[in-house]
Amino acid sequence: MIFDFWGSHVTVPSDIISAWILTIILAPIVLFWISKKKKWPLVREYMITTNHRKIGTMYILFGVLFFIRGGIDALLIRTQLAVPENDFWVFQNDKYNELFSTHGTVMIFFVAMPLLIGLMNVVVPLQIGARDLAFPYLNAVSFWMFLAGALVFNLSFFMNSAPNAGWTAYAPLSTDTYTPSAGNDYYIFGIQISGLGTIFTAINMIVTIFRHRAPGMKLTIMPLFSWSTLITSFLILVAFPVLSIALFLLMFDRMFGTGFFHGGVGSPIYWQHLFWIFGHPEVYIIALPAFGIFSEVISTFSRKRIFGYPAMVLSLALIGFMGFMVWSHHMFTVGLGPLANTFFAITTMLIAVPTGIKIFNWLFTMKGGVISFTTPMLFALGFIPTFVMGGVTGVMLSAAPADFQFHDTYFVVAHLHYVIIGATILGVFAGIYYWYPKMTGKQLNEKLGKWHFWIFIIGFHMTFLPMHFAGLQGMPRRVYTYQLGEGLFEFNLISTIGAFLMGSSMLFLALNLYKTHKHSPNVGNDPWDGRTLEWTVSSPSPEQPFKKMPYVSELDAYWYAKLENEDLSEANDTRPAPVSIKTIQPVILSGLLFAMSISFIYQWVWLMIITGLAVLSIFPIRSLTSRNEYVEKRVKHE
Amino acid sequence: MSNEKSSEHYNDKRLGFFIYLIVESVMFATLFATYFVFTSEQSTPSPTDVFEAKSVIISSFVLVLSSATLLISEKGLSNKSPRLIVLGLVITFLLGLGFVGIEIREFFTYINEGYTLTTNVFLSSFYVLVGLHAAHVLFGTIWMILLFYQLMANIPFSLYVEKQRIFHYYWHFVDLIWVCIVIFVYKPYLF
């Protein structure tokens, strides 16, 4: 559609107009609903909270919201690809580029990350007997920075300038020479800000796990989800700063005229190195926490201690460590030479070993166990064959000569969805069903949960299994159409039907949430007959848990105490704990960062200066106000 | 009880801040790598054409000295002597400010000679790395102003000590990065 806008003609595609109209209709309805239900105090409470469970819940809530957005992108992609030479709505050429770029970026940074960090937030402190994270204020800052980044990124679509250089933003396409519109600036600032938030979360988690464990809980008997969180946090510490600097340099290229990643003077390959030095560990950053969730779920619902606990911890660490030595397997076709390709092929193949150890240990945990097929357990069981299939194609791709054929085809698309959906998304669903009582006090409906699982897993395999074959037929990624005679039609049609099936499974989750909150009563502390400390506190978890601090002497101590019909022994010396406070500062910081990003994207110098100074002023404000709260607490303590 | 509480809390903060410094190290390491990738004698202008030894020597002297003068303050913290604390902080503050001034002068000299951010990729990576470091020094000087204020305001002395100790870690870290800059950025082309 073409509009007259202050005398100049502006073309706005109809999908963006529809999105604006939908938003303008929906926003008042939501606001009205909140007012009618008198939920504004609740909204305010969550905005000023620093409590780990509430922040974790918000992470998950917004993760799900962006999951819907990324999912709609996926369905639009599949609709465009359903039949050969399709002409669906506006999604051809550059609009299609925007579609897959936002789908990938949203799913990795604004779905996988917040969903997992949300679960970590809710669970890790409870699981290790901490009363909150070590730095509750910083935790709130992390969340609100994530949200600011996500909003910046999502705004790009509404401004008709969605990023269009892929989620990897490969140079020189992502430099201003080839994509001069604001789209990739939104990408830079959206990810930069939420990425810094992620770094702060990692710091918070490490300090919490090192210094706030319950008395007696040595690292060698710490539950595996907490272990996976610890190792993931270390990966974040090394991977995310590299991304920050890569984005920082790309920003200089796009806004201040440097040429780091330009062909000729600079080096587009250098971008690829930086991106994948971040990007490959990122794959493990979103997979390892899921592994941790499966370890908890499989152990609980097999009524057995996890098999080979030391091997499980060691393989987490090994995967994490080796994750930094494989990045160039994304770049086999770049021409780094046979020596480099051989090195990275071998390290990539080696990483399958610790992963295989984990798979076997999960199987051996179930062997001889009393298995109950609950919804979380189903997701864990669905994960094992799915992830093994993704692992097998991973080993296939790691063979550099073969990769020359697979590279940039749908075979890679199939592989990456098998491992990322297979691990992260199935893991997140397992985790949400499993820990829902700790978040809300209610247990999700099992029958609807099983419907959700079966339709999701069938739809998933229907979508992605045929992509292997389409890829082997030579179908390239990131191309918006194909011809009839290429032998791709059947595979694509099946994929599209599968994608809609997978999408429709989410309706069961929505129905489940609705029914559970409408009808279900609250459950007790321990609805699943769990093994770890989070099941000793009430559901939902209180703001000050562990009034009596338990003493933990072994792995699954709570389970063994239950077997003996005893309570966990109480520890008498507990360390002082952080107290959650109420503060609006993180929200303000988030708003300022949002405004600063916009001012940079559109180069409004005056706004850059104002918001930049305002962001800096948050440091002294926090430093001066935290003192009072600290003194009050101390007085109260004495 | 209150002492134990505050020290546990401080140990949390210190560990968190050390981890944050690891994050910063990775960021700077990436920028050093960028500098290595894009810098060679063959680029025009080359590092030898651009760098001037005098400015580097003076600024290095000033910044290393500022790390030393901060030790006066450190002694004041242990001896509970506000006089020493203020003395150390004031000297360090002035030296930090002096360093920023020298850096700005150096950048201006280069720019006036026609060596700007966009002249070539060597200069781009130089300005981004050294500029980010200078920004850290500037941030540190503003931090010191905040510390002055907090020392004057009536906050518990033990709490003030914690706040300033964290600042010391920051300042020494920034100084260490400067040493790396001298060794890896300037030295191969100057001395």
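This tour walks through a predicted model of a complex, one selection at a time.

**Before you click**

Residues count from 1 along each chain as its sequence is written, while chains are lettered from A, and ligands numbered from 1, in the order in which they are written. Because the model is predicted, local features need pLDDT of at least 70 and side-chain atom pairs count only at pLDDT 80 or more, whereas totals for chains, interfaces and linings use all residues. The predictor gives the complex an ipTM of 0.95 and a pTM of 0.95.

**Select chain B**

Chain B has 6 helices and 0 strands. Here helices (H or I, at least four residues) and strands (E, at least two) are DSSP runs, numbered from the N terminus. The C-alpha atoms of chain B fill a box of roughly 65 × 30 × 25 Å along the principal axes. Of its 191 residues, 30% count as buried. Buried means 20 or more other C-beta atoms within 10 Å of the residue's own; exposed means 12 or fewer, and partly exposed lies in between, with C-beta atoms placed from the backbone.

**Show the contact between A and B**

Chain A puts in 36 residues and chain B 30 residues. Two residues are in contact if their C-beta atoms, placed from the backbone, lie within 7 Å. On the side of chain A that touches chain B, α6 (183-211), α7 (224-255), α8 (268-302) and α19 (605-637) each supply at least two residues. α7(A) gives the most, with 8 residues. That side of chain A divides into 23 nonpolar, 8 polar and 5 charged residues. Nonpolar covers Ala, Val, Leu, Ile, Met, Phe, Trp, Tyr, Cys and Pro; charged covers Asp, Glu, Lys and Arg; the others, Gly among them, are polar.

**Select 93-128 of chain A**

This is helix α4, with 36 residues. The expected span is 1.5 Å times one less than the number of residues. Look for a bend of about 35° at M107(A), the angle between axes fitted to the seven residues ending there and the seven starting there. In α4(A), 32 of the 36 residues are buried, so the helix is largely enclosed by the rest of the structure. Now click N93(A), also in α4(A). Its phi is positive, about 45°, although it is not a glycine. N93(A) counts as exposed, with 11 C-beta neighbours inside 10 Å.

**Move to T424(A)**

T424(A) lies in helix α14 (residues 410-440) of chain A. It has 27 C-beta neighbours inside 10 Å, so it counts as buried. Leaving out residues up to four places away in sequence, it touches A112(A), L116(A), I286(A), A287(A) and A290(A).

**Finish at two prolines**

The peptide bond from A171(A) to P172(A) is cis, with omega near 0°. P172(A) is in the loop between α5 (136-158) and α6 of chain A. The bond from S539(A) to P540(A) is also cis, with omega near -10°. Find P540(A) in the loop between α16 (489-519) and α17 (557-563) of chain A. Most peptide bonds are trans.
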